[in-house]
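Welcome! Let's take this step by step, asking of each description what stands behind it.

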Amino acid sequence: MQNALTIDAARSAIQQRTTTAKALAETFYAEIEKDDPQIGAYLTLSKDRAFAKAAEIDALAEKGEPLPPLGGVPVGIKDVMVTRGVRTTAGSKILGNYIPPYDCTAVARLEAAGAVVLGKLNCDEFAMGSSTENSAWHPVHNPRDLSRVPGGSSGGSAAAVAADMAVATLGSDTGGSIRQPASFCGVVGLMPTYGRVSRYGLIAFASSLDHIGPLTKTVRDAAIVLRTVAGRDPMDATSAEVLVPDYVAELEKPVRGLKLGVPKEYFGAGLDPDVKNSVEAAIQKLAELGCEIVPVSLPHTKYAIPTYYIVATAEASSNLARFDGVRYGYRASDARTLSEMYRRSRDHGFGAEVKRRIMLGTYALSAGYYDAYYLKAQKVRTLLVRDFEEAFKKVDAIVTPTSPTAAFKLGEKVDDPLAMYLADIFTVTADLAGIPGISVPCGETKENLPIGLQILGKHFDEATILRVAHAYEQSA
Amino acid sequence: MSVRVFAALPVYIRMKVTEKDVAYVADLANLELTGDERARMLRDLNSILEYVDRLNELDTKDVPPMAQVSDRYGVDESKTGSARFAYASREDILEGLRKSLPHEVALQNAPDTDGTFFKVPKVIER
């Protein structure tokens, strides 16, 4: 029964009193107890908070009052979003005992719309990784094949939806961390436009690239969650004052006549043949639905990964300076001086990948190297943005594979940081350009591993990519 | 990606980052790093920066740098500079958008306090 459980199905079952929000939460917790020891998606369960919300929703349903859009819907939250009174670690030992005193805006908006927050989801430490193997706590296993990674960094968020341990989840995307795990686990993942969703309460990784967005079973559910969390928040100066359309209503508009760009740079060497076949078949399907397929070029694509790893690490080195063992988080106990305390706390508290990125970012910003690395990367970022601006003069959206391969094996890339970085090759471009992107399942490899179709849109035009993804999903 | 054009040259000639650089940058970043970690960092930073070098294939002399995209989209494009972000400014208000955290809440996650202040080891070494 849970396999088919979407947001509307859950909400209407509670509204019609065929179940209760409490019973539904209990069912999901039972599922988590049974399956999560093998998968590892959850880090912390928030049962008190979940059952308090469920009781509120059940009281409404009993009185026959209309439930809010997510009334009683069990959701999970990536552990990089702070939750008042519920431990939030960002997948790091340095925040191992951190109990936030406030709520992330996106979480507060979901709850205000009736969602029942089951708990916090595993991720790469500070969202730095592409496989969730960088979690300081334990890795996540892909529910479709336990020997494989779920992708990352929102691996717990994708695995929880794929394994029916949540109806919907929130993830964050800085270089592909929503779309790539969605693709690996066979679910829908949406990264909204930069500025569309408030980041207040998101533990910062790279502030010019961080986005919050949903992972869901259907495109319609992604539209419902986005409609709930989107829009200006006075607590985040980078949240844009741009009208939020009714994404759900927009889904039903026809796709006939839309122009879809296919960038040749995303179909070259390194693309797995099964992925290529599935994505090309999906594009053919969209053509049959009446979309016009237009070849486009994004000539600077091959420079996206090096640009990203300079910009993102530079910003991270600055953002992570706040972890000093003074006001919250881990403190080394053996330090004799303040400076020793900073160093040892950070040294023991951060994992290897986080230290690597802090070092790379600090190096790129340091005197003598700033122009050669950071400034250079900022200039190439301009070129990458111009690529998209040119392409979007000709097309309404762009379709590509989400990732060059399906899910890889645990341990396969852990010793080669560069190979791991290249797993994001088709997703980082959208983060750098600030445009929205969605990954929707489009078939399987010969080994039955899910493949994702990525649809990229113009700034603040999530409605069009949701509409195309929905039309494809309905036809598939 | 993994094509090493200068693979025939000894490692020290094509290395961008030296052990001294690693020590200096670790110091800037307030990281201690063990001996093993330093060796690994030296290897990884060199391999990543070698890959990053492909950015130098591009002539960016006349290209403006971009720190973030939000001054280009979703703003009043008829304006320039900070006027584009007029929507994001507001009057100062005494209590802010939410009340400040009560003292005990602000201290509850601290590793060490005296009940009023955060406590840290002594600042000046003798």
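Q: How do you know where one domain ends and another begins in this predicted model?
A: Domain bounds come from an automatic or database domain assignment. On that basis, chain A is divided into domain 1 (2–250), domain 2 (259–301 + 379–475) and domain 3 (306–371). With the bounds set, the C-alpha centres of domain 2 of chain A and domain 3 of chain A come out 33 Å apart.

Q: What makes the contact between domain 2 of chain A and domain 3 of chain A?
A: Two residues are in contact if their C-beta atoms lie within 7 Å. Domain 2 of chain A gives seven residues to this contact and domain 3 of chain A gives five residues. On the side of domain 2, α13, α14 and α15 (428–433) of chain A each give two or more residues, and α13(A) has the largest share, three residues. By type, that side of domain 2 divides into six nonpolar, no polar and one charged.

Q: Why is chain A called as compact as a globular protein of its length?
A: For 476 residues the globule rule gives 23 Å, and the radius of gyration of chain A is 21 Å, which is close to it, so the description holds. The C-alpha trace spans about 65 × 55 × 45 Å along its principal axes. Buried residues make up 63% of chain A.

Q: What makes up the secondary structure of chain A?
A: Chain A has 16 helices and eleven strands. Eleven strands form an open sheet of mixed pairing, in the order β1-β3-β2-β4-β6-β5-β10-β11-β9-β7-β8 (chain A).

Q: Why are β1 (42–45) and β8 (292–296) of chain A called edge strands?
A: Two strands count as paired if there are at least two bridges between them. β1 and β8 of chain A each pair on one side only, and that is what the name "edge strands" refers to here. From one strand to the next, the twist of the sheet averages 30 degrees.

Q: How do you know that helix α16 (residues 462–475) of chain A packs on the sheet?
A: Helix α16 of chain A touches β9 (397–401), β10 (437–444) and β11 (450–457) of chain A. Its direction makes about 145 degrees with that of β11(A).

Q: What makes β4(A) a partner of β2 and β6 of chain A?
A: At least two bridges are needed for a pair. β2 (residues 74–78) and β4 (residues 168–173) of chain A share three bridges and run parallel; within this pair, A:I77 is the bridge partner of A:L170, and A:G76 stands opposite A:T169. Six bridges join β4(A) to β6 (residues 211–216) of chain A in the antiparallel sense, with A:S172 opposite A:I212.

Q: What makes up the side of chain A that touches chain B?
A: The contact takes 60 residues from chain A and 46 residues from chain B. On the chain A side, α13(A) supplies the largest share, eleven residues. The residues of that side divide into 34 nonpolar, 13 polar and 13 charged.

Key
Residues numbered from 1 in each chain as written. Chains lettered and ligands numbered in written order. Predicted model: local features only at pLDDT ≥ 70, side-chain atom pairs only at ≥ 80, totals over all residues. Helix = DSSP H or I, 4+ residues; strand = E, 2+ residues; numbered from the N terminus. Nonpolar A, V, L, I, M, F, W, Y, C, P; charged D, E, K, R; others polar. Axes fitted to C-alpha atoms, helices over the stretch in contact; angles between N-to-C directions. Rg over C-alpha atoms; globule rule 2.2 N^0.38 Å. Buried ≥ 20, exposed ≤ 12 C-beta atoms within 10 Å, placed from the backbone.
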